[in-house]
Amino acid sequence: MKRLGRGAAELLAIAEELRRHDIELELLSGPLQGIYNPSGHGAALFAFFAGMAESEREYIREKSLEGQASARERGRHGGRPKVFDDDMIAYARSLRARGVAVPDIARKLVIPAGKNKGRHPSVASVYRVLADEDGGIPAGS
């Protein structure tokens, strides 16, 4: 039954849809096996399942937040590793200051970590990192 809906609002909407079309719910197995009419005595069952779904959803959310906090305490942070380290950014900016074109800068840089380790960053990524300091890169560059 917990697969019927992910939260109270979704289960209540399903119950209303079943009620509107005069459809009964039949549970084929388990301790609550039988046929339930969402507008009759089955309404209490749908309300119970809605409460359980909401409770389980909140439990999963709490456990996820606890896991993230625990990882942070161990110095682990979610997300992808950064493509640029401080040295790469400084090198890219020095090349740009000397008039080197952005595509040429991208070819001179190498990603230090992550799944793209050893590859060159995209030209768009280089433009982005240069624009962070400059407030933009002059047109035609």
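Predicted model: local features only at pLDDT ≥ 70, side-chain atom pairs only at ≥ 80, totals over all residues.
Asp 22 belongs to the loop between helix 1 and strand 1. With a relative accessibility of 65%, Asp 22 counts as exposed, because the cut-off for that class is over 50%.

Helix 2 comprises residues 42-73. At 1.5 Å a residue, the 32 residues of this helix should span 46 Å, and the 47 Å between its end C-alpha atoms agrees with that expectation. Within helix 2, the buried residues are Gly 42, Leu 45, Phe 46, Phe 49, Ala 50, Ala 53 and Ala 71. These buried residues pack against helix 1, strand 1 (25-27) and strand 2 (34-36). Gln 68 also lies in helix 2; its relative accessibility is 45%, and Gln 68 therefore counts as partly exposed. Along the chain, Gln 68 and Ala 50 are 18 residues apart, and a distance of 27 Å separates their C-alpha atoms.

The packing of two helices is described by the angle between their axes and the distance between the axes. For helix 1 (residues 8-20) and helix 2, the angle is about 155° and the axes are 8 Å apart. The two helices are therefore roughly antiparallel to each other, since angles over 145 degrees fall into that class. Their crossing is right-handed. On the side of helix 1, the contact is made by Ala 8, Ala 9, Leu 11, Leu 12, Ala 15 and Leu 18, while helix 2 contributes Phe 46, Phe 49, Ala 50, Ala 53 and Glu 54. Of the residues in this contact, 10 are nonpolar, one is charged and none is polar. Among the residues that helix 2 brings to the contact, Phe 46, Phe 49, Ala 50 and Ala 53 are buried.

Strand 2 contains Ile 35. Although this strand is among the elements against which the buried residues of helix 2 pack, Ile 35 itself is exposed, with a relative accessible area of 54%. When neighbours within four places in sequence are left aside, Ile 35 is in contact with Glu 24, Leu 25 and Glu 26.

Ala 101 is located in the loop between helix 3 (86-97) and helix 4 (102-108). Its relative accessibility of 30% means that Ala 101 counts as partly exposed. Ala 101 and Ile 35 are separated by 66 residues in sequence and by 71 Å in space, C-alpha to C-alpha. For Lys 108 and Ile 35, the separation is 73 residues in sequence, and the C-alpha to C-alpha distance is 69 Å.

Methods:
Residues numbered from 1 in each chain as written. Heavy atoms only, no water. Axes fitted to C-alpha atoms, helices over the stretch in contact; angles between N-to-C directions. Helix = DSSP H or I, 4+ residues; strand = E, 2+ residues; numbered from the N terminus. Parallel < 35°, antiparallel > 145°, perpendicular 65-115°, else oblique. Left-handed = near helix turned anticlockwise from the far one by under 90°. Contact = heavy atoms within 4.5 Å. Nonpolar A, V, L, I, M, F, W, Y, C, P; charged D, E, K, R; others polar. Expected span 1.5 Å × (residues − 1). Buried < 20%, exposed > 50% of the residue type's maximum accessible area, 1.4 Å probe, protein only.
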